[in-house]
Amino acid sequence: MKTMRWSRISPQAALIPAVAVTLVAFVGSILWTLYLSFTRSRRLPEYDIDWSEWGRQYDRLFKDAGWEISLRNLIILGLGSALAIVFGFILAAMIDKEKRGESLFRTVFLYPLAVSLIVTGAAWRWILNPTLGAQAFLRGLGWEVDFNWLAQPDTAMYAIILASVWQSAGFYMALMLAGLKGINSEIWSAAKLDGVPLWRLYLEIVIPMMKFTFITCAILLSLGVIKAYDVVVAMTNGGPGQSTWVPAYFTINALSAKSNLGYASAAAVMMLIITLIVFLPLVALTAWQQRKGAPR
Amino acid sequence: MSQMSASERAAGATEVPVARAPYFVRKKKGISPQSIAIIVFLSMCALFFCIPLYVVVVTSFKSMDQIREGAIFALPQIWTLDAWDHAWNKACSGINCHGLKVGFWNSVMILFPSLILSIALSMVTGYALALWNVRWAGAFLFLLFICAFVPFQIIMYPLIVMTSSMKVYGTIWGVAIVHAVLAMPVLTLIFRNYYKDIPQEIMSAAVMDSGSFWKIFFEIILPMSGNILIVILILQITSIWNDYLIGVTFGGLNGQPMTVNLANLVTISTGTTNYAHNMAAALLTAIPPLVVYFVVGKLFVQGVTAGAIKG
Amino acid sequence: MPTVSFEHIVKSYGSMTVLNDLNLSVDDGDFLVLLGPSGCGKTTLLNLLAGLLEVSDGRIMIGDRDVTDLDPKDRGLAMVFQSYALYPTKTVHGNLKFGLSASKLPRDEIEKRIAWAARLLQIEPLLNRKPGQLSGGQRQRVAIGRALVKNVGVFLFDEPLSNLDAKLRTEMRLEIKKLHDELKSTIVYVTHDQIEAMTMATRIAVMDGGVIQQFGTPDEIYERPANLFVAGFIGSPAMNLREATLNVSNDRITAQLASGVVLDLEGYDFAETPRNGTKVIVGLRPEHFGAPDVREAKAAATFTLPVQYTERTGSDATVYLKLDNQLLALRVAPDAASRLKPGTSVSVDFLSGKANLFDAQTGRRM
């Protein structure tokens, strides 16, 4: 249209690196992986697609017991980690109610977040050690407890959940605390005047008012669970057997241990789809709620 | 992040009416049973949160003989730094037994280039998207938003191929570059949201005064970015330092960060595991981010929440 | 000192057209005020001139240069913003200096100009402070200083006084006026405040709905409003507007108000002789009434009406009379106002030759 002005060109030029990174490292890479998932690539990539059975990697994946375990563990981990939100909310509500020691408690509850999940895993692995750890200590006190979670396939996930909740509860507490502070202070005074019991106030007024915060937490939690990898490596390294595999672990295992590129790509695509399934409805819901809330 | 500070201001405001009614304050001075219950509960939770740190610290100072006694919560009978020395100088990661110091220096060498790369790239991008008229900015922001949530596994193999062809795969540079690439979408969104709050008139004035994209950036915008820069720095320092997956995938044998060394140490169970060594190694790995956290905790909270709530 | 002209300007956002075929030309050295209610397009017009927005169609000329496609910095303009838009991290000196960053001047020339502007605006002691340490009035001066150092022929002001308190606003008004007299530059000044417009402008363009309703000197705008919008917008208290019917006989034209009062229009300068029975709107300025209960020598009409209430502002007062269930405002001396009790009847004359007439259908001045 009009003559190009330098002021219009330079910001666009400055965006070139970011656009290039986005298009190559993200969009291009996703498409690449998607393509590979239809091929028979093993150690090295093959770029021929056998159209008669282009979905062979996916067929195999859905029949793979390891993948099934991974998906089941994903759900278990998601439900278990949701405790972190509940726990985070309880902590936040208490800290917010009782202002004394707020900064101290906040500091204590949040420090696990500053630590690598590998460190977290190593620490909990040691505490849960059956012969020398907390179990031995408690038995020494005469309590017949069974803390040998890590060694048993049906309880190993609980250990991972414990470590994840310990690590992330403070984070959700911080988000909830921010949400609680955003609530108009007059509501507390009004409730006091009306004589509403505290638990009803929380249940019927505060929690519904914080639904945006809860949704945010739920999205972040789901995304975190799908990405969970470090904590599994540090706690159990997938074991015993395949009992603590999760999709992230399955995918990387398929690529590095099994050297099966096509298979790993199919698993990665499934991870992306799971992310989208979790992510898009929640985003749509928040967008819808924001629009609904906007006219007010 | 701006929400946070706004709500904190609101919280400060709530205290004013109480302070203005002295008789009310006097009445409240004694601790009510409810408050005691809450504080006791919170203290117990705090204790639970501190247990792992306590256990790691005391174990790292114990001798293996004491550890075998099984009293995990007991204080060391003899405080010894042997485990620390071993972890730092002699611990094995794979076949190399030069201790965690190798990984520590790798982590440091990874940290600085990836900090500079990721922050420079996303800062300029956020600035251009927020304050300059770019026709397709909305679409690009949406794309970045999606990219911020993409699981790493789906771009992992292509990134390996790309870094190999750039001859940086298996080096600390490879790790640093991948960190910068992966952090770019999130950081750009954070910077963009921050810059969006700069008054339009200041930008208009700068455009009329100078009109130069870079001059305005360096002279006006960069000096105004102090707060967000610190928050982002903390966010990035902790997340780069604590990363395992990128380090183990792109570090090869020579570019492994400290977390990878630690993971190798604690997961590979050849012979008897020396828990004192493991815990000293874990603590060594955890100390740098913990120092950052305890020194600038409040900004850390802002950082992680800003990293979480974007868009 | 250049002229500024807008030629057939169109500005639209998507399907919404804000300005449509707008033409306006300011002479060299004029102080043009773009006046209008918020959303009338005045700020859009200013931003188009500044280059902060792009025209959809049309041409903007400064002097004999077509600046339509130039970058803001290349247009030879300086602008003062409503919020001052000072760079918070720079000192006052740094702010003024950055104002010159587009011009490739030698260092000593830059310093000379900064010193000159600082002296002119009496901000010399503030040069090393940051904007955060300045008061509103001082920030305003710095903002003006940042525009002055550029030594350009055209200055743009975007509601620069609206963030100041009333006293400072009056002071700065005079000061800007003084600057204009000294520098003889062309100024385009956007405001919604008619006092600012009337006191400072040499030319006013009254805008509404993206259209220039009237362009003229302050006196023209005030005395001969071109249409009902301008008539109602300019003047405080606003002009009294009443429906009436024209009565044209051979030598006399009168307007009969709905209440029956007959207004003698002798001396009214009709653009063309009106027809008998035309529906019109009569505009009567509150200050064009005589003193209460005093007969004027040359009166166009006499109103005898009950007092509704009076408003006193100190230096003068407004009396509201009840006329056909509406209010008729008239300005009186404060002591006269104090004698008027609500409910009592008062008789006032409207001065001859002061009425404004508008076509009831088109709203245009007759």
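Hi everyone! The largest cavity here has a volume of about 1700 Å³. By cavity I mean a set of points, on a 1 Å grid over the protein atoms alone, where a 1.4 Å probe fits but cannot get out; grid points are joined across faces, edges and corners, and the volume is the space filled by probe spheres set on the points. A search of the whole structure finds eight cavities of 30 Å³ or more.

Some ground rules. This is a predicted model, where local features need pLDDT of at least 70 and side-chain atom pairs count only at pLDDT 80 or more, while totals for chains, interfaces and linings use all residues. Residues are numbered from 1 along each chain as its sequence is written, chains are lettered from A and ligands numbered from 1 in the order written, and side-chain values use heavy atoms, without hydrogens or water.

Now, the cores. A nonpolar core is a set of buried Ala, Val, Leu, Ile, Met, Phe, Trp, Tyr and Cys residues joined through side-chain atoms within 4.5 Å. Buried means under 20% relative accessible area, exposed over 50%, and partly exposed in between, using a 1.4 Å probe and protein chains only. Which residues touch the most other members of the largest core? Among its 236 residues, they are F109(A), Y127(B), Y195(B), I216(B) and I221(B). The largest share, 16 residues, comes from helix α8 (residues 156-181) of chain A. Helices (H or I, at least four residues) and strands (E, at least two) are DSSP runs, numbered from the N terminus.

K181(A) also sits in helix α8 of chain A. Is K181(A) buried or exposed? It counts as buried, because its relative accessibility is 12%. Its side chain makes a polar contact of 2.6 Å with that of E102(A); such a contact is a pair of N or O atoms within 3.5 Å, and within protein one must be able to donate a hydrogen and the other to accept it, with residues adjacent in sequence counting only if both atoms are side-chain atoms.

Finally, the backbone. Most residues other than glycine have a negative phi, and most peptide bonds are trans. Yet S259(A), not a glycine, has a positive phi of about 50°, and the peptide bond from S236(C) to P237(C) is cis, with omega near -5°.

Note on methods:
On a 1 Å grid over the protein atoms alone, a cavity is a set of points where a 1.4 Å probe fits but cannot get out, and a pocket is an open set with protein on both sides within 12 Å along at least five of seven lines; lining residues have an atom within 4 Å of a point.
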